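Take a first look at the model below.

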Amino acid sequence: CGHWILSPARLPVPPRRQQFNCKYLQLIYPRYKFYLQPEFCTRILSGRTDAMTDTLYRVSENLFRSKSSGRYYAITKKNGKQIKTSLKTTDHDLAKRKLVRALEEADRLKHTLKSATFADVLKDYRETAQPAKGLKATSLKDEEYRIQAILKAWTGLLHAKVRDITAKDCEKWFGKRLAEIHPQRMNNETSLLKNIFRFAIREGYCHANPADRLRRLKVPKSKVVPPTRQQFSILVDTLRNAKNEDAGDFVELLGYSGMRRNECANIVWVEVDFDRGRFWVTGGDFGVKGNDELEVPLFPAMRELLLRIRARVGHVNPTDKIMRIKQCRNAIEGACRDAKLPRFDHHDMRHFFCSNAIEHGIDFKVIAGWLRQKDGGILVASTYGHLRKDHSDEMAKKMDFSATTIHDNKVIPISKAGQGQS
């Protein structure tokens, strides 16, 4: 801009210049001394400089435009405090429409909440917005866990004034947390933080969302490798040989039905209709994912397993749970270790069910219905649509249509064909 003069420290001070002791600039550029014109130093110290501020000119009431970028801003005053909001557009008509909403948000600011802390917002959020979501107990527990994780990673957030929290504060938390957790968890915590600030805006605690600029991370897709039929059989045999019949039944039911762990643990005998060949997935007291109970065909392997369990147990009541355990993670890990198998878990049995269905030629839409998915098979195609290597190799052997191997006795060389025509 013509006011800043950078000269190496070994050079003499230029004439008619006074040294300006700028510790911040000397910290960044230790090899240089900084000299400013005396009148410009005075303007910096007094806060009057065009080089450091953007010039806004008035377009209409409460609507201003940047001279340099052309972007529109809404500026209003509420309770004696000026509120400046970027409308994030250079289009005049769009800016006028956004201005109405910006003024409405500014009007919602309550003077009595100017000293409210994040703890006050969080208390209000838990009492009103959170119950209105209608979350299941497990989902509510997950959200509460994310709130505690945010508070633990962001020191001082709980007692900070909401109106004093800036976008820079949010970015500091984001950068610190980014190096600690998986991108999916980072997205979940960021989304929750944004929702809490949106609630704060709605209730008049603040006029802008400081977390709006936090980006959503791309989540790397993990490769799904389901157990082969041989591995599944070895896993079940290992569990039963260890006299853990309950874990063996649990793993088989997961693999033969495609149910999730919680659904498998809560299915009762009355939800299985052997005569009609149907069973219902309700999830018990916890409910199923999406709260959609569904009727599913009773698959042959599942029918055989349930009949064996009923014969072994003897008399059963309709409301009795079929499985006597809620999970068998430790048993699965121990069996995989003993049998020298890859490490599997409950959800890998769901992958096993889906990959077997695909190998038997069942289309994705039908499989999605069995798995209680509403996307018509898109998730099945992208996540479960892989085939196991051994099955893929067998299918590849059928791709034999070379021109030199098919109908070799009917191929006529060009030279002989030419002699015949002559």
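Helices (H or I, at least four residues) and strands (E, at least two) are DSSP runs, numbered from the N terminus. The protein has 18 helices and ten strands. This is a predicted model: local features need pLDDT of at least 70, side-chain atom pairs count only at pLDDT 80 or more, and totals for chains, interfaces and linings use all residues. Residues are numbered from 1 along each chain as its sequence is written, and side-chain values use heavy atoms, with hydrogens and water left out.

How much of the protein is buried? Of its 422 residues, 37% count as buried. Buried means under 20% relative accessible area, exposed over 50%, and partly exposed in between (1.4 Å probe, protein chains only).

Now the charges. Side chains of opposite charge can pair when their charged atoms come close. A salt bridge here is a side-chain nitrogen of Lys or Arg within 4 Å of a carboxyl oxygen of Asp or Glu. The whole structure holds 19 of them.

One joins Glu127 to Lys123, with the closest N and O atoms 3.7 Å apart. Both residues sit in helix 4 (residues 118–127), four residues apart, about one turn of the helix.

Glu203 pairs with Arg202, at 2.9 Å between the closest N and O atoms. Glu203 is partly exposed, because its relative accessibility is 22%. Arg202 is partly exposed too, at 47%.

Arg240 bridges to Glu245, with the closest N and O atoms 2.4 Å apart. Arg240 has a relative accessible area of 18%, so it counts as buried. Glu245 is partly exposed, at 33%. This pair belongs to a network of salt bridges that also links Asp249, Glu252, Arg308 and Arg312.
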